[in-house]
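Student: Could you take me through the aromatic rings of this model, with the geometric cut-offs spelled out?

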Amino acid sequence: MTDKTAYYQKDLAEKLNGIRLARVLNVLPESQLHLFHLIPFLIHHNQINVPGIIDPDTPCGIHGFTLSDAIVSACDALSLSIPEMIQPSDCVFEGIYAMGSTASFGQNPQSDVDIWLVYNSKLTDDQLKLIEYKNKLISDWFAGFEFEVNFYLVHPMQFRECSAFDNCQPVGLEHSGSSQHWLLLEEFYRSHIRLAGKVVAWWPDANSQNTEFDASLLYLGDINSLPAAEYFGASLWQLYKGLNKPHKALLKVLLLETYASEYPSTTLITQQIWQYCEQQDFSVDNDAYLLLYQRIETYLIAQGDDNRLEIVRRCFYLKSGVTLSCLSPNSAADWRVEKIQNLVKQWAWSHELVATLDNSPYWHAGQLKWFNQQLSELLLVSYKNLLQFASKQTLSERMRVEELGLLARKLHTYFSEDTHLLQPLNRLWSLSTAEKSLTIFHCRQASRFYLYRQAYLDKDPSQAVDNDPAHEFDDHSIHEADNICNLVAWSVLNGLATADTQWFQVGRGKRRTDKLSYLTRKLIPIMHNVPTVYKRDLCEPWCYQKIVLITNMDRDPTTQLSEQELILEHVNANILSFGQTKISMVSSVAIVCLNSWGEWQSHRFNGKTALLEAISFIILGLKRSNEQVDLSIISCSAKLKQPIFNQLKTLLLRCYGLMKKVNQTNTLMHPITIGEQHYSMHFNSLGMMYRKVDLITGTGNFNSSVLPYADLAEDPYLNSPSVIQKFIVMGAKQYFLRERHQTLDVFIADDNNQLEHLQYQHTSINDFVAKESHLYVFDEQKQRSPVFNMPQFFQLVDIEGKLTVIPFGLSVDEMGSAF
């Protein structure tokens with residue numbers, strides 16, 4: 001390569017960079033404009049008087065930094081002093097770069113700004129920690145101006161020989177974890193903007209020799225031969241990112257699918273952008289996000305996939321933030337408007353559709369749910385296509401198996417078809433989902449309850465119950481379930497139901513609407529204050545963090561009680577066997593619960609043993625919970641609210657205490673009377689079962705007692721390490737692995753807690769986990785539905801003479817981080 005060629009390519013790169021800078025400044029409001037100019041200034045200096053107390057020893061200084069007029073103006077606007085210039089020898093940053101949607105068709109008023117700080121390879125870990133702390137303070141300061149900026153530290157050899165350096169770590173979790181590597185660099189190359197420091201040598205034939213000709217160039221790596229093994233990990237990561245921003249993730253996952261369809265002769269968007277530059281085309285057509293859309297469009301048209309193409313177009317339009325139906329004076333000057341107008345005309349969109357999309361900040365829950373469902377379905381289609389492509393490859397060595405399992409676990413929660421899961425509604429762009437009125441309709445024929453976002457004027461209750469709901473309401477139902485508590489809990493979780501929401505139920509009167517409002521008010525503080533989910537939680541068996549037991553929502557025996565009965569029986573009354581008639585005052589029972597994986601669920605139990613079935617259902621998850629578990633009782637009864645609350649709370653705490661005391665060799669028994677029937681509740685290490693007790697024939701001692709574990713001879717766990725029983729969980733396959741000499745012991749608990757013991761000779765834990773994970777992901781016979789319900793892997797390790805279960809592959813530091 002000649003010097004002339006290298007300088008020519010550098011000039012082209014700088015010309016594109018200048019145009020991108022002008023574009024981002026054209027879009028940002030003035031307040032954010034000043035802050036954007038300040039990003040390299042705050043990194044170059046230690047501004048102790050700005051974002052907080054910054055350690056004066058924090059390394060700072062950017063290669064070739066100059067104080068521009070724009071930075072001086074920004075400092076004046078925000079009353080910041082300008083320190084003395086740092087000597088070049090003190091500079092610790094190779095360059096500062098914005099990347100992502102900034103200055104592209106994908107930038108909108110709500111877009112955050114991702115900043116890569118490429119640091120000197122000689123920095124120590126302690127110095128990097130000081131820089132990370134400073135970055136957090138700056139981010140917090142920017143957040144006070146409603147400007148979201150995320151900083152990521154990048155080693156100059158991050159994408160080349162990272163393993164050779166102690167101070168080289170994966171780029172932040174918001175980008176990829178370990179699941180994508182070269183694809184992340186390709187995104188950086190095609191979208192970055194140099195704010196200060198060295199020019200990135202990103203053109204197709206760039207190499208490390210470029211820096212020998214010009215010390216002001218930075219070379220991060222070659223992306224021209226993307227490994228096929230990376231597509232699967234990257235797609236999984238984008239699906240995970242899609243849990244928060246599915247419209248953005250859909251575009252990126254479809255780009256991966258497009259790239260994969262061309263493999264191994266893939267033309268990267270980075271290469272297309274450079275071709276435009278060489279042709280001196282720096283028009284709006286030379287835009288990373290627009291080219292991304294056009295590549296996907298070409299691919300989907302070739303596939304004849306009109307459905308996905310239409311949703312992709314809507315995602316692209318919404319991502320831009322341009323509102324064609326209501327252009328303001330500022331937005332009319334936006335450099336993207338004319339191009340988007342032409343695109344919308346080509347797509348033959350109606351004015352009504354454009355207006356609906358422009359009104360997205362005010363979409364109601366029904367619109368959000370429909371769009372979410374479309375995005376989820378299309379994301380899964382792309383994932384399955386990429387899975388088929390990846391099945392012919394091997395898993396990337398960079399995609400750590402344990403991280404694969406964590407991603408899959410989180411995705412399983414979102415994409416599960418379990419009707420008991422209360423799915424969180426992604427609000428996308430909507431500012432609020434609150435509703436003034438909500439109505440429930442019960443269809444007896446289907447045994448389903450339907451939720452409508454409007455008031456109901458009951459003209460003829462006796463007729464309305466059996467009518468088709470379509471005749472009663474203007475809108476389609478926005479949610480359905482097999483019980484009322486599910487609808488109320490879902491509405492509270494997703495912000496539809498507030499303390500001011502007025503409830504109605506077709507065919508029911510004021511007593512029912514009061515119940516619905518009461519339940520809503522009780523659930524709001526419980527469901528709106530939830531703990532953070534950490535990696536430790538996802539790689540361990542789930543346990544309950546919140547349990548809400550709701551009684552008498554459907555049937556309420558207390559309404560039949562006379563005032564005389566209440567006066568006579570109120571003191572010391574047994575609400576489960578009340579009065580002379582021995583009637584249980586607890587009828588229907590519903591459970592709304594939150595587990596440590598962040599999943600909300602709703603279950604309903606009926607009949608005389610509803611309470612016992614509910615306790616049996618929750619008790620094993622309670623055993624793994626700690627004392628901080630939140631046990632709530634909500635009685636929707638007309639009378640005896642407090643006695644019902646007191647006695648059920650006492651019963652739940654007693655059951656929790658008994659479950660904590662059981663071990664592998666004993667059973668604890670507790671008596672209970674419901675109505676006129678006596679029962680014995682038996683707690684052992686695998687849960688709780690109940691039996692009817694005939695006092696006439698006789699179990700004489702009707703007190704809590706310890707019983708032998710009667711079924712030990714048939715217990716599959718008898719010959720397994722007892723510690724395993726503390727970790728088994730319904731609904732997930734689990735592997736417990738122990739290395740002894742040349743033998744690998746493998747204990748497998750399936751979804752239903754059936755245990756199997758296998759032994760392998762001359763097989764390491766790492767090899768076994770990698771092989772099983774690969775088979776599970778790619779072998780059709782191993783795959784189960786849903787596809788993300790991957791097994792969990794644990795190691796059985798002897799620690800100070802005690803056999804202990806630890807999650808496979810994650811360090812203590814990693815487990816403590818949020819996911």
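**Aromatic pairs and charges over rings**

Tutor: Happy to! Ring pairs join F105, Y293, F316, Y317, W335, W347 and W349 into a cluster. Please keep in mind that this is a predicted model, where local features need pLDDT of at least 70, side-chain atom pairs count only at pLDDT 80 or more, and totals for chains, interfaces and linings use all residues. Residues are numbered from 1 along each chain as its sequence is written, and side-chain values use heavy atoms, with hydrogens and water left out.

Rings of Phe, Tyr and Trp (its six-membered ring) pair if their centres lie within 6.5 Å; planes under 30 degrees apart count as stacked, over 60 as edge-to-face and the rest as tilted. This rule gives 29 aromatic pairs. The F159 and W182 ring planes meet at 45 degrees, with centres 6.5 Å apart, so this pair is tilted. It links distant parts of the chain, 23 residues apart: F159 sits in the loop between β3 (149-154) and α5 (182-191), and W182 in helix α5. Helices (H or I, at least four residues) and strands (E, at least two) are DSSP runs, numbered from the N terminus.

F159 is buried at 1% relative accessibility, and W182 is buried at 19%. Here buried means under 20% relative accessible area, exposed over 50%, and partly exposed in between (1.4 Å probe, protein chains only).

W363 and F371 make an edge-to-face pair, 5.6 Å centre to centre with 65 degrees between the planes. W363 is buried at 4%, and F371 at 2%.

As for charges, R23 lies over the face of W335, 4.6 Å from the ring centre. Such a placement requires NZ of Lys or CZ of Arg within 6 Å of the ring centre and within 35 degrees of the ring normal.
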